[in-house]
Amino acid sequence: MEFRRLGRSGLTISEIAYGNWLTHGSQVEEDAAVACIRAALDAGITTFDTADVYAETRAEAVLGRALKNERREGLEVFTKVYFPTGPGHNDRGLGRKHIMESIDNSLRRLQTDYVDLYQAHRYDHSTPLEETMEAFADVVRSGKALYIGVSEWTADQLRAAHGLARELQVPLISNQPQYSALWRVIEGEVVPASEELGIGQIVWSPIAQGALTGKYKPGAPLPADSRATDDKGGASMVAGWLRDDVLERVQRLRPLADQAGLSLAQLAVAWVLQNSNVSAAIIGASRPEQVTENVGAAGVTLDAELLQGIDDILDPVVERDPGLTAGHESNS
């Protein structure tokens, strides 16, 4: 495993992080989820990402139980707040009440006294940013989080939040966007702003919900055990990539992966790690062997000719529109 600094902070994290978004507590039984976490630890992963909303709070609890006997100082545990976690009108968003209650609930489920990074899961258009940042500052000053971050925020939102964080003297160090060789919407605006501000990217879905693994073939039936056939496992998210024009081009990447001595999944994870603003790529798994395979992307350097070859193949199907960053959306 290789390690990188998160943005310009002093926090070092594993360049491949383990996330339990779609699996733990919902799609995968706990024994299998714990086996995946053990495989991540055995592979040298020290960074674990979750959120209070995943599997209706169960994902945090699964992660907490799996990591309970590990040395806490040797781990970086990240979670998030924003999406609804209950039926009440204050059980959502980035208002002070929800943030202060949510951090306590997350710590209880995770069985830890603090998280290394507490992230705003989306931008809250209905709450003053000043209120949100002041609440996050109080979470940090109380010792319940060491750093703060955001997820899927636009360049302008990052700049505004970073300015407030500096005034409040708390470290805003990260953004967690979707990023892959197929989904590059952060490159035009978010990455340049983040480089300017010292914010690092912790990217999710580096294999485009499985589309970049090559397991989906153009014109062929969907594999029976795949995410695309499981409504609980993110079928709706991968569906957008299951077009023959996309899948045909992914298959054309296979010779390049072979040339690099990588599987298609490893090539996809290694590709996002070539971006110097990316501090970590989050992988998920329903089976331990998936963890082992993806970790093979750690420390890989892809040469310029190979990167150009990937671009040449994928260019017609790549999404680059910065307007698709989730932070542009309203809360309505």
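Biologist: On what basis are residues numbered, and which pLDDT is needed for local features?

Modeller: Residues are counted from 1 along each chain as its sequence is written, and side-chain values rest on heavy atoms, with hydrogens and water left out. In this predicted model, totals for chains, interfaces and linings use all residues, side-chain atom pairs count only at pLDDT 80 or more, and local features need pLDDT of at least 70.

Biologist: How many helices and strands does the protein have?

Modeller: Helices (H or I, at least four residues) and strands (E, at least two) are DSSP runs, numbered from the N terminus. On that basis the protein has twelve helices and ten strands.

Biologist: What is the radius of gyration of the protein?

Modeller: The radius is taken over C-alpha atoms, and the globule rule is 2.2 Å times the number of residues to the power 0.38. For 332 residues that rule gives 20 Å, and the protein is close to this, so it is as compact as a globular protein of that length. The C-alpha trace spans about 50 × 40 × 35 Å along its principal axes. The radius of gyration is 19 Å.

Biologist: What percentage of the residues of the protein count as buried?

Modeller: Buried means under 20% relative accessible area, exposed over 50%, and partly exposed in between (1.4 Å probe, protein chains only). Of the 332 residues, the buried share is 55%.

Biologist: What percentage of the contacts with a separation of 6 or more joins residues 24 or more positions apart?

Modeller: A contact means heavy atoms within 4.5 Å. Among contacts in the protein with a separation of 6 or more, residues 24 or more positions apart account for 78%.

Biologist: Where does Ser151 lie, and is it buried or exposed?

Modeller: Ser151 is in the loop between β7 (145-150) and α5 (155-168). Not counting residues up to four places away in sequence, Ser151 touches Ala120, His121, Arg122, Asn175 and Gln176. Because its relative accessible area is 1%, Ser151 is buried.

Biologist: Which residues does Val150 contact, leaving aside its neighbours within four places in sequence?

Modeller: Val150 is in strand β7 and is buried, because its relative accessibility is 2%. The C-alpha atoms of Val150 and Tyr123 are 7.9 Å apart in space, although the two are 27 residues apart in sequence. The contacts of Val150 are Gln119, Ala120, Leu158, Leu172, Ser174, Asn175 and Gln176.

Biologist: With which side chain does the side chain of Asn20 make a polar contact?

Modeller: A polar contact is a pair of N or O atoms within 3.5 Å; within protein, one must be able to donate a hydrogen and the other to accept it, and residues adjacent in sequence count only if both atoms are side-chain atoms. Asn20 is in the loop between β3 (16-19) and α1 (30-42), and counts as buried because its relative accessibility is 1%. Leaving aside neighbours within four places, the contacts of Asn20 include Asp49, Thr50 and Tyr54. The polar partner, at 2.8 Å, is the side chain of Thr50.

Biologist: Is Gln178 buried or exposed?

Modeller: Gln178 lies in the loop between β8 (172-175) and α6 (190-197). Beyond four places in sequence, its contacts include Glu152, Trp183 and Trp204. At 9% relative accessibility, Gln178 is therefore buried.

Biologist: Which residues does Gly327 contact, leaving aside its neighbours within four places in sequence?

Modeller: Gly327 is in the segment after α12 (304-314). Gly327 counts as buried because its relative accessibility is 1%. Its contacts are Tyr123, His125, Glu152, Thr154 and Gln157.

Biologist: What is the value of phi for Glu56?

Modeller: Most residues other than glycine have a negative phi. Glu56 lies in the loop between β4 (47-49) and α2 (58-67) and counts as exposed, because its relative accessibility is 63%. Its phi is positive, near 55°.

Biologist: Where is Gln111 found?

Modeller: Phi of Gln111 is positive, near 55°. Gln111 counts as partly exposed because its relative accessibility is 40%. Its place is the loop between α3 (96-110) and β6 (115-120).
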